[in-house]
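Subject: Structure handover

Hi,

Here is the structure I promised to pass on. Please open it next to this email and follow along.

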Amino acid sequence: MSLSTAPPILAADQNRTAGTAHRRRVAVAAVELAKRLGWAAAQQSELQRLAEAHEHRERARESPAELTEMLELCCFFVQRWEYMPYEMVSFEQIMEELKGLARDGFFSQRYVEGLAVMPTVRLDQIEQIVARLPVFPAVALKAIEIARNPLASASRVEEIVTSDPVLAGEILRTANSPLFSPVAEIRTLRQAVSYMGIQACCRVLAAAAFRPMFQSPLVRPLWNHSLEVARLAEGLARRTHGTNPEEAFLSGLLHDVGRLALWKLPAHLASRYEFLLSQGCEPMFAETLLCGFDHAAAGARVVRHWCLPEAFEKAVAYHHQPERCPDPLPSLLYLAEHLSSSQEDLPSLARLAIACEKMSLSREQLDDFQVLAPLQVVE
Ligand SMILES: [Fe+2]
Ligand SMILES: [Fe+2]
């Protein structure tokens with residue numbers, strides 16, 4: 001599909017936002033490239049100013065040729081990135097295309113090379129970061145296994161709960177919480193498991209076991225967001241067909257685990273990442289620009305490293321690109337991310353349409369969606 005015939009990414013009322021986001025991305029990419037090439041600070045500022053005003057075409061005659069050339073390249077690069085949902089290309093393919101255009105004389109070879117070497121972390125290097133993450137909690141793993149097994153018995157859940165006094169307390173607290181509102185106080189684990197049900201217990205167990213990974217104040221908001229997406233995904237799974245609500249909840253808990261890994265990037269990269277975000281660049285673009293991959297790809301590595309079921313790996317890998325996976329879970333997570341308003345990526349009408357279609361949900365139903373009874377699992 002050519003750029004000129006592609007449908008709009010955003011509705012008309014969102015064009016202003018999309019235009020602003022595009023200009024911001026061009027500015028961020030251009031300044032990043034200029035830094036790489038050792039350009040002076042004054043040139044970087046001018047690049048930023050021209051990109052934000054999107055004046056590189058209008059001002060082509062007045063601006064120095066190298067600035068115009070660089071902005072043309074970055075504008076093209078950003079457009080290709082923005083049209084990924086339509087064209088099914090990867091970051092590497094975009095780079096190959098740019099190199100071909102540079103060979104044909106459309107762009108400066110030096111600038112394209114600068115852009116191509118921009119990623120400073122290779123995806124396989126993320127393995128080293130993943131290896132430094134805490135191991136996936138055994139209790140959460142057992143809870144996931146039970147939640148996915150329709151024949152699982154309550155005694156198996158009890159066995160797990162009794163092995164850990166903290167989890168036992170968590171289950172009793174939840175069973176007596178206003179959400180479950182028992183008529184009389186529940187005092188034993190057997191009563192709690194039978195009253196709450198196996199699946200609800202597994203959700204509480206998985207969340208309680210996984211939560212300590214998000215203990216530091218820096219990643220605490222990520223835990224709250226993961227919990228929100230987990231609840232939304234579960235609610236959507238109950239409203240639609242084709243996905244197991246427990247699996248949806250657990251994949252929601254895991255969906256952004258790649259961000260946990262990216263927070264462990266070397267300090268100089270982490271500060272550049274923070275800088276890009278502070279410039280209004282959304283995380284998915286900032287990650288691609290800096291690393292050549294995003295938190296979804298990093299998260300899939302983490303999930304594989306933890307030996308979790310393949311369904312979770314795919315759900316995490318494609319939760320921002322549902323068009324790339326035939327499974328329904330990535331679409332469900334995409335919609336849950338959308339409802340959470342986390343703004344990790346440019347909202348795409350194309351992806352929303354694809355995800356809604358896969359879940360047999362109309363846009364109106366999605367917009368009206370509310371979690372009627374949010375599950376209060378381990379805040
Ligand atoms: Fe997210
Ligand atoms: Fe995400």
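Ala-200 counts as buried, because 23 C-beta neighbours sit inside 10 Å and the cut-off for buried is 20 or more. Find Ala-200 in helix 12. Then look for Glu-246. Ala-200 and Glu-246 are 46 residues apart along the chain, yet their C-alpha atoms are separated by 8.3 Å. One caution before you go on: this is a predicted model.

Now the overall picture. The protein has 379 residues, and 42% of them count as buried. Its secondary structure comes to 22 helices and 0 strands. Take the contacts with a separation of 6 or more: residues 24 or more positions apart account for 65% of them.

Next, the core. The largest nonpolar core has 105 residues. Those with the most contacts inside it are Ala-30, Cys-74, Leu-205, Ala-206 and Ala-233. Which helix gives the largest share of this core? Helix 12, residues 198-210, with 11 residues. Domain 1 (12-118) and domain 2 (138-368) both contribute residues, so the core lies between them.

Cys-74 is worth a click. Set aside its neighbours within four places in sequence, and Cys-74 is in contact with Val-26, Ala-29, Ala-30 and Leu-33. Ala-30 is also on the list of residues with the most core contacts.

Now the helix pairs. Two packed helices are described by the angle between their axes and the distance between the axes.

Start with helix 8 (residues 138-147) and helix 12. Their axes come within 8 Å and cross at roughly 155 degrees. Are they roughly parallel or roughly antiparallel to each other? Angles over 145 degrees count as roughly antiparallel, so helix 8 and helix 12 are roughly antiparallel. Helix 8 passes helix 12 in a left-handed crossing. On the helix 8 side, the residues that meet helix 12 are Val-139, Ala-140, Ala-143, Ile-144, Ile-146 and Ala-147. On the helix 12 side, they are Ile-198, Gln-199, Cys-202, Leu-205, Ala-206, Ala-209 and Phe-210.

Helix 12 also packs with helix 9 (residues 154-162). The angle is about 25 degrees, and the axes are 10 Å apart. That makes helix 9 roughly parallel to helix 12, because the angle is under 35 degrees. This crossing is left-handed. Helix 9 makes the contact with Ala-154, Val-157 and Ile-160. Helix 12 makes it with Ile-198, Cys-201, Cys-202 and Leu-205.

The crossing is right-handed. Glu-247, Ser-251 and Leu-254 make the contact from helix 14. Ala-311, Phe-312, Ala-315 and Val-316 make it from helix 19.

Glu-32 is in helix 1 (residues 15-36). It counts as buried, with 21 C-beta neighbours inside 10 Å. Glu-32 and Leu-276 are 244 residues apart along the chain, but their C-alpha atoms are separated by 9.2 Å.

Ser-226 is in helix 13 (residues 220-239). Is Ser-226 buried or exposed? It counts as buried, with 25 C-beta neighbours inside 10 Å. What does Ser-226 touch, not counting residues up to four places away in sequence? Gly-252, Leu-253, His-255 and Asp-256. Ser-226 is also 10.0 Å from Arg-211, C-alpha to C-alpha, and 15 residues from it in sequence.

Last, the backbone. Most residues other than glycine have a negative phi. Here are two with a positive value.

Ser-181 is not a glycine, but its phi is positive, about 30 degrees. It lies in the loop between helix 10 (165-175) and helix 11 (189-196). Ser-181 is exposed, with 8 other C-beta atoms within 10 Å.

Gln-343 is the second case. Its phi is positive too, near 55 degrees. Look for Gln-343 in the loop between helix 20 (328-340) and helix 21 (349-358). It is partly exposed, with 13 other C-beta atoms within 10 Å.

Best wishes

Definitions and conventions:
Residues are numbered from 1 along each chain as its sequence is written. Chains are lettered from A and ligands numbered from 1 in the order in which they are written. This is a predicted model: local features need pLDDT of at least 70, side-chain atom pairs count only at pLDDT 80 or more; totals for chains, interfaces and linings use all residues. A nonpolar core is a set of buried Ala, Val, Leu, Ile, Met, Phe, Trp, Tyr and Cys residues joined through C-beta atoms within 7 Å. A residue is buried if 20 or more other C-beta atoms lie within 10 Å of its own, exposed if 12 or fewer, and partly exposed in between; C-beta atoms are placed from the backbone. Helices (H or I, at least four residues) and strands (E, at least two) are DSSP runs, numbered from the N terminus. Domain bounds come from an automatic or database domain assignment. Two residues are in contact if their C-beta atoms, placed from the backbone, lie within 7 Å. A crossing is left-handed if the near helix is turned anticlockwise from the far one by less than a right angle, and right-handed if clockwise. Axes are lines fitted to C-alpha atoms, for helices over the stretch in contact, and angles run from 0 to 180 degrees between N-to-C directions. Angles under 35 degrees count as roughly parallel, over 145 as roughly antiparallel, 65 to 115 as roughly perpendicular and the rest as oblique.
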